[in-house]
Amino acid sequence: MARNVQRLERRIDAGAIVFALAVAAVAIMVMLPLTWLLYSSLQNPTNATLGFANYATAFTKSIYLTPIANSLILATSVAAIAAAIGTPLAWLVARTDIPGRGLLRGLVIAAFVTPPFLGAQAWMLLAAPHSGWLNRAFVAMTGSTQGPFNIYSLAGAIFVMAAYNIPYTFTFVSGALALMPSDLEDAAAILGSGALRRTMTIVLPLALPAIIAGFIMSFLEAISEFGAPAFLLIPARTQVITTQLYLFFQYPTRIELAAAYAMPMLLVTAGLLYAQRRLIGRRRYTMIGTKGGRRHLIPLRGLRWPLFACAFAVPFIGVIMPYAALLATSLSRAWGRGPVPGNLTFYWYRWALFDNPETQRAVMHSFVYAFAAATIAVALAITIGFAVQRGLVPGAQIFAFICMAPYVIPGIILAIGFYAAFSRPPLLLYGTAWMLIVAFATRFLPIAYSNFTTSLQTLSGDLELAARSLGAGRIRSIVTITFPLLRNGILSAWLLAFIPALRELSCAIFLFTPQTAVISTVIFDFSDAGNFEALSTLGILILVATFAIVLLMYRFLGRSLIEAEAQPA
Amino acid sequence: MSRPTRSSFLALAAGAAAGLSARAPAEAAKPNEMSDADVSKLYAAAKKEGTVVWWTAHYAQSAADRVRDAFKAKYPGIEVQFIRQTAQVIFQRLNQDLKSNVHELDVFASTDESHYVVLKKQNVLSAFVPADINKVPLSLRHLDPDEMYQIGALGFVLINFNTKVQPPHRWPQLGDPKWKDQLTLGHPAFSGYVGNWVVAMNDKYGWEYFKSIAANNPKIGRSVNDTVTDIVGGERMVGAGPDNYSLERKAGGNPIDIVYPDDGAVLITAPVAVLKAAPHPNAGRLFMNFMYSREYSQVLVKSYNYPLRTDVPSANGVKLDKIHWTRNKVERLETGIPEVVAKWRETFNV
């Protein structure tokens, strides 16, 4: 029996079949929606002829051009602020003896895993012009008629989104600084250069590629973010590209116009990510040869605690205050009543988890879909990544490229392509769980792929070859030798796809139907009628689940989360 | 055109009756009204299906929760899966489903009557005459001459306000500069209530009315219920809001109240229908049939919605014929809502 299987394996190499299936799956998941996106954008909705009519409509009317200008202002400002704050924060944590370095790092990660739409929700409670707690406190203390903050404004949205984008620059720059030895600075110090001058002329220029990479990453995150602008900018009567795309989906759905409108964003994203990759590459090049040099921490002396206070303000705004607001609201019977006796209750938790079948199902869907999506993404990443890395197939780079392609597609645009491709026969996924599972798997395939291949690179193929030469088939050699050795790499690739899939909104909002609702779409639905207690409760549940997973990763895998998510190799 | 203000319901009733008889030929294909035996049979068949899926824009989540609980108490063994969303959102989701030939919905409950005209044209609704339809006010029976949809809930768009301020009593007063930065509105591209209100105001006062409101920099949410949240939280003082959810929050001790404007509240006759391709057709009909039961009207009153049945008194004791109201004709909504949504985007930039 075993001999037969072996003979069969040798004849038609089972591995080749698995690989072919994976390639077919990835082609359907990545190439088909992109093709449909392009095709739809050229399609005249009334007579199905092809042309540029949609582009003409999308890019000549001022009502559609204003959102583009707003998006550019939003994304540029968010990226500039995030880079301007993330850089000194990274320097303080990586190069100085500032107290609480571990705490600051931990809180930056907390900001990173917080979905910006939850941050926006929390800041609505804190800084709505009249009812926000900060404004009310200000009015109570100063006796003035109105508080100073208005979160429902472009400035408000920039503020909130910047808070959740700081982790990108922070991580890239601390990565660069950690590799930068102190030799150059020491030499400058010996020659009489002061600390400020050393920082400006040596440290900053060396970190510049990392800063720019952080800027680009934040720009792309901000321009493709849907949730936070929907919460903060619709009441502010300011449209951005993503909220305008959402409007195109309203009845009567103008999918063709949406596809055309999305195209420039796709090109900008691809172009900027290409630039970012080149910059990161250069950064690594800069450091070659200086690795292993001595690094010491710059003593801050009397400034230690004042600077700690400044640094701590960042997570205070992005994490501590918003979490407190969400938690307090979720524990209130009615948030408007404030912290009075009888208002403290677990009612909403019981409601969300036990009494309300809709939220119950949404919580379950979120976990099941994220689980399935992460598993599919990792399975594809393993199959294709292995074949590519081990040089088993010709044209390997093309397959790697397709697996990485979704990385440059903003979620909202992927959703438009998915809707166009899979809401009609023969591949009718719309209305089924698979619509969301496949979309999430596609969206997070690059994360799974890059993390798996990175860990695979550390493993030589010799052991497999030894097994092969002793007569084991390819699949057997992989399953019995490679996988056990790569267990941690595979697990972390899976978790890194699972975490964002658990709280994905910008794809889900276009692809779910009420029977396949997930937590994030339910939160979005509840937000329209001011059901703040219910949606704060669901938000806290997402955060608790996310932190449990992040802690597990740290405990068992010791991975740097942001590096891995933000910087596919 | 919104219909002229009436002080009595009877006049409208007569008009509706006349309209009905004029379209008599369509009645040939009409199904018969449910008998008690029919309802028992329906329940037995519905139990086999086990579930009913209901998308509603009729009232707030809390009211819909109560309706679900009351239905399950009366008809054990049938699970109610529902979402509450604004009218235009559930309509859009239904249309996306229909386009892709996905059938997940049984009972569609929007607040924009013109949705049903569109759905009728697509031939996706199924005719149904519930058992106790004759218990609703005469003028609201047989909303559709072909019985493809029926009245499912009643409500008003009126002026809601924070009790800290003296409220306006007429719609044009919302344009008073005194309310600068103090107004809150829903969005006609989301909410059926708001769409109805905007059409009525446009037809009564012209689009200039909304320019005067825009000058007051209103906060614009999505659902009409957003106005209630803003007022309760003190974010804004005055809104064009719903009667039901405002009264519910008022009863909860919040600083909010309502005014029926002197120049007419806007009456919303929110329809309900069962889809032809419903995955649970019997459960869907049973659920729709439940909407004319005494239990349903009582549950509506508990959450401060207007009762459908004439034999169940309203929560605040106000009778329909004592309220000054206007109502849009369905033909007007059909063209009016897309029209005002486009104008709204220009004027309010959202």
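**Figure 1. A:Tyr64 and its contacts.** A:Tyr64 lies in helix α4 (residues 62–95) of chain A. The model shown here and in the other views is predicted. Apart from neighbours within four places in sequence, A:Tyr64 is in contact with A:Ala58, A:Phe59, A:Gln244 and A:Tyr261.

Figure 2. In the domain assignment, domain 1 of chain A is made of residues 1–42 + 331–569, and domain 2 of residues 60–313. The centres of domain 1 and domain 2 of chain A, taken over C-alpha atoms, are separated by 25 Å. Where these domains of chain A meet, domain 1 gives 32 residues to the contact and domain 2 gives 34 residues. On the side of domain 1 of chain A that touches domain 2, the elements giving two or more residues are α2 (14–42), α19 (411–422), α24 (508–511), α26 (532–556) and α27 (561–566) of chain A. The largest share of that side, 7 residues, is given by α26(A). Sorted by class, the side of domain 1 of chain A that touches domain 2 has 22 nonpolar, 8 polar and 2 charged residues.

**Figure 3. The contact of chain A with chain B.** Chain A brings 30 residues to this contact, and chain B brings 38 residues. The side of chain A that touches chain B consists of 13 nonpolar, 12 polar and 5 charged residues. For the model, the scores are ipTM 0.81 and pTM 0.86.

**Figure 4. The fold of chain B.** Chain B contains 12 helices and 11 strands. The radius of gyration of chain B is 20 Å, close to the 20 Å that the globule rule gives for 350 residues, so chain B is as compact as a globular protein of that length. Along the principal axes, the C-alpha atoms of chain B fill a box of roughly 60 × 45 × 45 Å. Of the 350 residues in chain B, 55% count as buried. Among the contacts in chain B between residues at least 6 apart in sequence, 81% join residues at least 24 apart.

**Figure 5. Helix α6 of chain B.** This helix covers residues 192–205 of chain B. At 1.5 Å a residue, the 14 residues of α6(B) should span 20 Å, and this agrees with the end C-alpha atoms, which are 20 Å apart. Is the helix enclosed or open? In α6(B), 11 of the 14 residues are buried, so the helix is largely enclosed by the rest of the structure. Among the buried residues of α6(B) are B:Tyr193, B:Trp197 and B:Met201. Just after α6(B), B:Gly206 has a positive phi of about 80 degrees.

**Figure 6. Confidence along chain B.** The average pLDDT of chain B is 90, and 91% of the residues score at least 70. Within chain B, confidence is highest in strand β3 (residues 107–109), at a mean of 98, and lowest in helix α1 (residues 9–22), at a mean of 43. Over residues 1–28 of chain B, pLDDT stays under 50. For residues 1–28 of chain B, the model has 31 contacts beyond four places in sequence.

Methods:
Residues numbered from 1 in each chain as written. Chains lettered and ligands numbered in written order. Predicted model: local features only at pLDDT ≥ 70, side-chain atom pairs only at ≥ 80, totals over all residues. Helix = DSSP H or I, 4+ residues; strand = E, 2+ residues; numbered from the N terminus. Expected span 1.5 Å × (residues − 1). Buried ≥ 20, exposed ≤ 12 C-beta atoms within 10 Å, placed from the backbone. Contact = placed C-beta atoms within 7 Å. Nonpolar A, V, L, I, M, F, W, Y, C, P; charged D, E, K, R; others polar. pLDDT = per-residue confidence, 0-100. Domains from an automatic or database assignment. Rg over C-alpha atoms; globule rule 2.2 N^0.38 Å.
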